[in-house]
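Subject: Structure for you to look at

Hello,

Here is the structure I said I would pass on. Please open it first; my notes on what was found follow below.

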Amino acid sequence: GLLSLPPELLTEILILLPIDEKVVDVGLSCKRLAQFIFTTYSFARMHFQHQHTVYRLSGVSPAPCIADYLHDKQLHTLL
């Protein structure tokens, strides 16, 4: 399954998720993914950079960072 993938490949898949409830749902689906998504600085940086590029190319305002999203949704205790 997803958890058996090498970390590099898992990162490439997870950065495609938009910074919204989908990434939170995936992060809450298991402990390993939660640690990876919510506490790994390198993942957060890559995820934000990727999403910012996607939004910039589409002409939409920049994506929030995951910490801002979690705080806005009152889920900041996950951090």
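With a relative accessibility of 8%, threonine 11 is classed as buried, since the cut-off for buried is under 20%. Setting aside neighbours within four places in sequence, threonine 11 touches Phe36, Phe43 and Met46. For one of these, Phe36, the separation along the chain is 25 residues, while the C-alpha atoms of threonine 11 and phenylalanine 36 are 8.9 Å apart. Please keep in mind throughout that this is a predicted model.

The chain as a whole

The protein chain has five helices and zero strands. Read from the N terminus, its elements follow the order α-α-α-α-α. The protein chain has 79 residues, of which 28% count as buried. Among contacts in the protein chain with a separation of 6 or more, 55% are between residues 24 or more positions apart.

Helix 1 against helix 3

The axes of helix 1 and helix 3 are 12 Å apart, and the two helices pack at an angle of about 70 degrees. Helix 1 is therefore roughly perpendicular to helix 3, because angles of 65 to 115 degrees are put in that class. On the helix 1 side the contact involves Pro7, Leu10, Thr11 and Leu14, and on the helix 3 side Arg32, Leu33, Phe36 and Ile37. Sorted by class, the residues of this contact between helix 1 and helix 3 are six nonpolar, one polar and one charged.

Helix 2 against helix 3

Helix 2 covers residues 21-28 and helix 3 covers residues 31-39; their axes come within 6 Å and cross at roughly 135 degrees. The two are therefore oblique to each other. In helix 2 the residues that meet helix 3 are Val23, Val24, Val26, Gly27 and Leu28, and their partners in helix 3 are Leu33, Ala34, Ile37 and Phe38. The contact of helix 2 with helix 3 is made up of eight nonpolar residues, one polar and no charged.

Two residues from this contact can be followed individually. Valine 24, in helix 2, is buried, with a relative accessible area of 3%. Valine 24 and alanine 34 are 10 residues apart along the chain, and their C-alpha atoms are separated by 8.4 Å. Alanine 34 itself is in contact with Gly27 and Thr39, leaving aside neighbours within four places in sequence.

The nonpolar core

Which residues make up the largest nonpolar core? There are 12 residues in all: Leu10, Leu14, Ile15, Leu17, Val23, Val24, Leu33, Ala34, Phe36, Ile37, Phe38 and Phe43. Helix 1, helix 2 and helix 3 each supply at least two residues of this core. The most comes from helix 3, which gives five residues.

The aromatic pair

How many aromatic pairs are there? The count comes to one. The pair is formed by phenylalanine 36 and phenylalanine 43, whose ring centres are 5.2 Å apart and whose planes are at 40 degrees, so the pair is tilted. The reasoning is that planes under 30 degrees apart would count as stacked and planes over 60 as edge-to-face, with the rest counted as tilted. Phenylalanine 36 and phenylalanine 43 are both buried.

Is histidine 47 buried or exposed? Histidine 47, which belongs to helix 4 (residues 41-58), is buried, with a relative accessible area of 2%. Not counting residues up to four places away in sequence, histidine 47 touches Leu14, Ile15, Leu17, Pro18, Ile19 and Val23.

Arginine 45 and isoleucine 15 are 30 residues apart in sequence, and the distance from C-alpha to C-alpha is 9.8 Å.

That is what I have for now.

Regards

Terms used
Residues are numbered from 1 along each chain as its sequence is written. This is a predicted model: local features need pLDDT of at least 70, side-chain atom pairs count only at pLDDT 80 or more; totals for chains, interfaces and linings use all residues. Side-chain values use heavy atoms; hydrogens and water are left out. Rings of Phe, Tyr and Trp (its six-membered ring) pair if their centres lie within 6.5 Å; planes under 30 degrees apart count as stacked, over 60 as edge-to-face and the rest as tilted. Buried means under 20% relative accessible area, exposed over 50%, partly exposed in between (1.4 Å probe, protein chains only). Helices (H or I, at least four residues) and strands (E, at least two) are DSSP runs, numbered from the N terminus. Contact means heavy atoms within 4.5 Å. Axes are lines fitted to C-alpha atoms, for helices over the stretch in contact, and angles run from 0 to 180 degrees between N-to-C directions. Angles under 35 degrees count as roughly parallel, over 145 as roughly antiparallel, 65 to 115 as roughly perpendicular and the rest as oblique. Ala, Val, Leu, Ile, Met, Phe, Trp, Tyr, Cys and Pro count as nonpolar, Asp, Glu, Lys and Arg as charged, and the others, Gly among them, as polar. A nonpolar core is a set of buried Ala, Val, Leu, Ile, Met, Phe, Trp, Tyr and Cys residues joined through side-chain atoms within 4.5 Å.
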